[in-house]
Amino acid sequence: MSVRWGLIGASTIARQFMINAIRAQGDGEIAAVMSSSPERATAYARENNIPLAVSTLDALLGADIDAVYISTTNELHLEQALAAAKAGKHVLCEKPLALTSDDARTMVATAKAAGIVLGTNHHLRNAGAHRAMREAIAAGRIGKPIAARVFHAVYLPENLQGWRITKPEAGGGVVLDITVHDADTLRFVLGDDPIEVSAFTQSAGMAGSGLEDGAMCIWRFKSGVIAQSHEGFTTKFADTGFEVHGSEGSLIASNVMTQKPVGSVLLRTANGEEQLSFDREDLYARSLRQFHAAIRGDGQPSASGEDGIWSLAAAEAALQSASSGKAVKIDPKLGSKN
């Protein structure tokens with residue numbers, strides 16, 4: 001059984017990563033693309049060898065497709081996902097699922113009621129590096145986890161700047177773009193849920209309209225682990241990384257907060273240092289493989305709709321903390337509260 005995909009959004013991320021990932025599946029094909037600009041839809045379909053180009057959601061959902069991949073700007077996700085779910089199409093949605101965790105919960109409930117698979121495209125939990133870290137922690141190789149640090153301050157390339165640094169109403173800013181990933185990746189690697197965050201944000205010169213282009217967050221997890229994360233759009237020369245420190249050892253990962261299957265993970269204990277080996281499968285191809293399996297009734301997407309609620313509730317709490325100057329509790333069922 002082949003899975004026929006419709007792309008909602010003629011986006012850079014779809015062109016760079018998702019089209020190939022869908023086509024890499026033995027049972028995956030791209031049947032249609034939708035852009036609100038008919039000219040863009042037509043040009044994109046021609047450039048990427050997609051048979052059908054449409055400019056309305058109704059036209060896309062009326063086409064012969066089984067699933068949609070949503071990569072439009074953040075404020076459009078909710079309406080598009082709800083329409084797709086009600087039309088019986090499986091939904092893989094870019095993060096954040098919506099602009100608020102309330103809206104994300106509506107998406108999850110609607111998908112459940114429609115009996116369709118909803119996934120959040122948190123690509124980092126598909127990285128071999130992060131799965132190797134998660135497995136090492138679960139196997140007790142660093143003892144009891146105590147603290148973690150995430151370095152995910154990068155330089156946002158000019159072709160991606162656009163709405164991310166100019167449009168608060170579209171869900172712009174570094175917190176909804178990158179902090180949401182770091183919250184999910186911490187949660188995945190530690191196998192633990194964040195319950196409180198204290199955050200500072202900054203505008204270091206790239207973002208306008210009162211948006212933030214840098215953030216530093218301190219997280220507290222259910223188990224007592226504390227973590228720090230640094231997100232940014234303005235650091236041209238920084239490396240990315242992820243460290244987890246435990247009672248019996250440390251995991252030190254370099255160059256792993258990326259869309260490519262690269263980087264290294266070092267385990268350091270009383271016995272010395274060991275480079276962990278891990279698979280180098282394309283992150284998006286793995287995401288699609290798991291999503292197709294979920295459609296067949298075999299397991300869950302890499303990141304479920306519920307995972308998307310968690311990461312969005314965490315990012316919301318970080319924004320609330322930054323504006324209030326107080327630590328904010330995180331509860332994915334209720335949203336964030338002081």
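The largest pocket in this predicted model is lined by 48 residues, with Ile13, Leu160, Arg164, Asp177 and Gln259 nearest its centre. Here a pocket is an open set of points on a 1 Å grid over the protein atoms alone, with protein on both sides within 12 Å along at least five of seven lines, and a lining residue has an atom within 4 Å of a point. Residues are numbered from 1 along each chain as its sequence is written. Totals for linings use all residues, whereas local features need pLDDT of at least 70 and side-chain atom pairs count only at pLDDT 80 or more.

So where does this pocket sit? Domain 1 (3-122 + 285-303) and domain 2 (124-280 + 313-329) both give residues to the lining, so the largest pocket lies between them; the domain bounds come from an automatic or database assignment. The pocket's volume is about 1300 Å³, counted as the space filled by probe spheres set on the grid points.

The second largest pocket has a volume of about 190 Å³. Of its 13 lining residues, Ile116, Val117, Leu118, Gln300 and Glu306 are the closest to its centre. Helix H5 (101-114) gives the largest share of that lining, three residues.

Then there's the largest nonpolar core, with 79 residues, where Val68, Val91, Leu186, Trp219, Phe242, Val244 and Leu251 touch the most other members. Such a core joins buried (under 20% relative accessible area, 1.4 Å probe, protein chains only) Ala, Val, Leu, Ile, Met, Phe, Trp, Tyr and Cys residues through side-chain atoms within 4.5 Å.

Note on methods. Side-chain values use heavy atoms; hydrogens and water are left out. Buried means under 20% relative accessible area, exposed over 50%, partly exposed in between (1.4 Å probe, protein chains only). On a 1 Å grid over the protein atoms alone, a cavity is a set of points where a 1.4 Å probe fits but cannot get out, and a pocket is an open set with protein on both sides within 12 Å along at least five of seven lines; lining residues have an atom within 4 Å of a point. Helices (H or I, at least four residues) and strands (E, at least two) are DSSP runs, numbered from the N terminus.
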